[in-house]
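Visitor: I would like to learn how to read side-chain contacts in a structure. Could we work through one together?

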Amino acid sequence: MKYADAGVNIQLADQAKQTIRHLASRTFTSSVLGGIGGFGALFALDTKKWREPVLVSSADGVGTKLRVAIAMGVHSTVGADLVNHCVNDILVQGARPLFFLDYIAMGKLDPLVVEQLMDGMSRACRKAACALIGGETAELPGLYAPGDYDLAGFIVGVVERKKLLTGKNVKPGDLLLALPSAGLHTNGYSLARKIVFETAGLKPAAYVPEVGNKIGAELLKPHLCYAPALQGILARGWVSALAHITGGGIPGNLPRVLPAGVRAQIDLSSWPVPPIFLFLAKAGKIEPEEMLRSFNLGVGMILVVPPERAKAVEADLKRRREKFYRIGRIERGDAARARIVYSGALQL
């Protein structure tokens with residue numbers, strides 16, 4: 001017997017590796033040592049650029065958004081989603097990305113799908129000035145059905161210790177600015193898919209007038225990367241904290257950067273909720289509180305800004321043509337009570 005008899009095609013794996021080498025090499029910086037294919041990836045930190053560097057790492061996946069990508073036969077967008085999610089996760093601690101590694105697991109290796117995924121990853125890495133230096137592509141028959149795959153990413157970044165964002169500087173009076181999301185980003189898809197494809201009985205190619213788009217294309221809208229918009233603001237130390245709004249929505253993420261003794265006051269009517277969320281709420285008969293816990297509702301990143309820096313931050317965002325909304329402020333709070341209080345009503 002040969003390995004191929006068990007469902008693993010080494011020749012296809014070698015073909016995929018050649019594609020990966022080509023696409024990854026486009027992201028290499030002068031700090032990357034060697035190339036793709038070693039047992040470990042090598043990266044030399046430029047110690048002349050950093051006085052007291054702190055490395056920041058994170059790992060994440062795309063989740064069941066992959067089911068939409070598989071149904072649509074479009075895979076480059078979720079490759080970019082993976083990178084952008086990871087970049088945002090370390091951005092909230094003030095870090096800029098250094099390098100990224102991926103993990104792709106498939107039931108049956110498909111070089112065309114691998115190429116699309118890697119193309120999306122490499123493009124996103126280049127935009128974020130992040131080197132894609134390694135990873136793993138695994139063919140796992142019996143664990144994944146043919147056509148199915150999973151995707152995970154691992155990122156390492158760096159920040160000067162004195163510029164590390166931990167939330168400890170958040171104080172009453174700080175303002176909350178929201179940067180909009182492009183849609184669901186990479187969270188809430190188990191619920192969204194159940195509503196769209198089971199409850200509403202739609203096909204990915206179905207056009208939904210209330211959304212103004214084909215539902216599959218709407219669900220595949222990219223997870224935005226906020227690093228380019230915020231690098232200058234972070235370099236100047238103009239924010240007290242950042243919160244990446246992912247799984248759990250605002251209630252599950254903003255409290256992670258709030259120190260003891262404060263709470264966030266948020267006006268739910270202060271930003272426009274994208275139509276896709278209105279459609280999901282109506283089609284799934286979901287209560288506003290559940291929507292708030294399940295989805296980002298159009299908010300991808302929250303900036304906590306000292307009041308004396310607010311004009312400068314807003315001017316910088318306007319100069320970069322970035323949309324933003326003032327959605328609330330930080331108040332004194334009791335640790336025994338809610339970390340977030342709401343006013344207004346969601347525009348659902």
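Guide: This is a predicted model. Start with E314, which counts as buried because its relative accessibility is 12%, below the 20% cut-off.

Visitor: Which side chain does E314 meet in a salt bridge?

Guide: E314 meets R326, with 2.6 Å from N to O. R326 lies in strand 13 (residues 325-332) and E314 in helix 11 (residues 310-319), so the pair ties together parts that are twelve residues apart in sequence. R326 is partly exposed, with a relative accessible area of 45%.

Visitor: Which residues do salt bridges with shared partners join into one network?

Guide: That network consists of R236, D316, R319 and R320. R236 also has its charged end over the ring of W238, 5.1 Å from the ring centre.

Visitor: How many salt bridges does a search of the whole structure find?

Guide: The search finds 14. One of them joins D119 and R26, whose closest N and O atoms are 3.3 Å apart. D119 is in helix 4 (residues 111-127), while R26 is in the loop between helix 1 (10-25) and strand 1 (32-33), so this pair ties together parts 93 residues apart in sequence. R26 counts as partly exposed, at 31% relative accessibility.

Visitor: Where do E289 and R293 lie?

Guide: Both are in helix 10 (residues 288-294), four residues apart, which is about one turn of the helix. E289 counts as exposed at 56% relative accessibility, whereas R293 counts as partly exposed at 42%.

Visitor: Now the aromatic rings. What describes a pair of them?

Guide: A pair of aromatic rings is described by the distance of the centres and the angle of the planes. In this model the count comes to two aromatic pairs. One is F43 with F99: the centres are 5.1 Å apart, the planes are at 40°, and the pair is tilted. F43 belongs to strand 2 (residues 42-43) and F99 to strand 4 (residues 96-106), so the pair links distant parts of the chain, 56 residues apart. F99 counts as buried, at 17% relative accessibility.

Visitor: What are the distance and angle for F277 and F295?

Guide: Their ring centres are 5.8 Å apart and their planes are at 55°, so this pair is tilted. F277 lies in helix 9 (residues 275-284) and F295 in the loop between helix 10 and strand 12 (299-305), so the pair ties together parts that are 18 residues apart in sequence.

Visitor: Are F277 and F295 buried or exposed?

Guide: Both are buried.

Technical notes
Residues are numbered from 1 along each chain as its sequence is written. This is a predicted model: local features need pLDDT of at least 70, side-chain atom pairs count only at pLDDT 80 or more; totals for chains, interfaces and linings use all residues. Side-chain values use heavy atoms; hydrogens and water are left out. A salt bridge is a side-chain nitrogen of Lys or Arg within 4 Å of a carboxyl oxygen of Asp or Glu. Helices (H or I, at least four residues) and strands (E, at least two) are DSSP runs, numbered from the N terminus. Buried means under 20% relative accessible area, exposed over 50%, partly exposed in between (1.4 Å probe, protein chains only). Rings of Phe, Tyr and Trp (its six-membered ring) pair if their centres lie within 6.5 Å; planes under 30 degrees apart count as stacked, over 60 as edge-to-face and the rest as tilted. A charge sits over a ring if NZ of Lys or CZ of Arg is within 6 Å of the ring centre and within 35 degrees of the ring normal.
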